[in-house]
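Hi there,

Here is the structure I promised to pass on to you. Have a look at it first, and then read my notes below.

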Amino acid sequence: MTEIDAKIDALVPAWLTLPDIAEQFGVEVTRVRQLVKEGQVIAVRRGENRALHVPAAFIDGDKVVKGLTGTLTLLRDDGFSDEEMIEWLFTPDESLPGTPAQALSENRGTEVKRRAQALAV
């Protein structure tokens with residue numbers, strides 16, 4: 001869990017706090033912290049009180065966006081830091097089109113994973 005810089009913070013259109021996610025999921029905050037610890041989502045410190053926040057695009061109703069966890073694993077295996085993963089996921093990619101985060105939310109995870117795998121080559 002890192003603190004992000006203003007450039008990356010500006011790429012992400014909306015953020016959720018861990019308690020917000022816990023409420024959406026209908027679980028305790030400790031369960032959401034476990035998802036972060038397991039690498040299923042990325043949480044970063046931001047804002048005045050440096051609270052943990054997760055990009056809202058990573059959450060789909062009462063679950064993590066399909067394909068996100070596998071994509072994060074691929075990026076980690078490629079040596080990406082949490083900050084670099086967020087930057088990659090929210091930077092527009094003309095070949096998708098849109099951002100990898102948008103593609104994941106639109107159930108186009110296969111295309112996103114292909115691009116993440118290509119980064120390792």
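**The sheet**

Let's start with the open sheet: it has 3 strands in the order S1-S3-S2, and the pairing is antiparallel. The strands at the edges are S1 (15-17) and S2 (44-46); each has a single partner strand, so one side of each is left without a neighbour in the sheet. Ignoring direction, neighbouring strands here are turned by 55° against each other on average. (Angles run from 0 to 180 degrees between N-to-C directions, and axes are lines fitted to C-alpha atoms, for helices over the stretch in contact.)

Before going on, a word on where this comes from. It is a predicted model, in which local features need pLDDT of at least 70 and side-chain atom pairs count only at pLDDT 80 or more, while totals for chains, interfaces and linings use all residues. Residues are numbered from 1 along each chain as its sequence is written, and side-chain values use heavy atoms, with hydrogens and water left out. As for the labels, helices (H or I, at least four residues) and strands (E, at least two) are DSSP runs numbered from the N terminus, and two strands pair if DSSP finds at least two bridges between them.

Back to the strands. S1 and S3 (residues 51-55) pair in the antiparallel sense over 3 bridges. Within that pair, Leu16 stands opposite Val54, and Thr17 stands opposite His53. Helix H2 (residues 18-25) packs on the sheet, where it touches S1 and S3, and its direction makes about 85° with that of S1. Contact, by the way, means heavy atoms within 4.5 Å.

Arg45 has Leu52 in S3 as its bridge partner. The hairpin of S2 and S3 has 4 residues between the strands, and Gly47 in this hairpin takes a positive phi near 85°. Arg50, in the loop between S2 and S3, has a positive phi of about 55° although it is not a glycine.

Is S3 enclosed or open? It is largely enclosed by the rest of the structure, because 4 of its 5 residues are buried. Here buried means under 20% relative accessible area, exposed means over 50%, and partly exposed is in between (1.4 Å probe, protein chains only). Arg50, at 39%, is partly exposed.

H2 and helix H3 pack at an angle of about 110°, and their axes are 8 Å apart. That makes H2 roughly perpendicular to H3. (The cut-offs: under 35 degrees is roughly parallel, over 145 roughly antiparallel, 65 to 115 roughly perpendicular, and the rest oblique.) On the H2 side, Leu18, Pro19, Ile21, Ala22 and Phe25 meet Val29, Val32, Arg33, Leu35 and Val36 of H3. By class, this contact has 9 nonpolar, no polar and 1 charged residues. (Ala, Val, Leu, Ile, Met, Phe, Trp, Tyr, Cys and Pro count as nonpolar, Asp, Glu, Lys and Arg as charged, and the others, Gly among them, as polar.)

**The core**

Which residues touch the most other members of the largest nonpolar core? Of its 35 residues, they are Leu68, Ile86 and Leu89. (A nonpolar core is a set of buried Ala, Val, Leu, Ile, Met, Phe, Trp, Tyr and Cys residues joined through side-chain atoms within 4.5 Å.) The elements giving two or more residues to this core are S1, H2, H3 (29-37), S3, H4 (68-77), H5, H6 (100-105) and H7 (109-119). H5 gives the largest share, 5 residues.

Leaving aside neighbours within four places in sequence, Leu89 is in contact with residues including Phe58, Leu68, Thr71 and Leu104. Thr71 itself lies in H4 and counts as buried, at 0% relative accessibility. Beyond four places in sequence, Thr71 touches Trp88, Leu89, Leu104, Val112 and Lys113.

**Around H5 and the loops**

Glu83 lies in H5 (residues 82-90) and is partly exposed at 25%. In the loop between H5 and H6 you'll find Pro97; the peptide bond from Leu96 to Pro97 is cis, with omega near -15°. Finally, Asn107 sits in the loop between H6 and H7. Asn107 is not a glycine, yet it has a positive phi of about 60°, and it is exposed at 53%.

Happy browsing!
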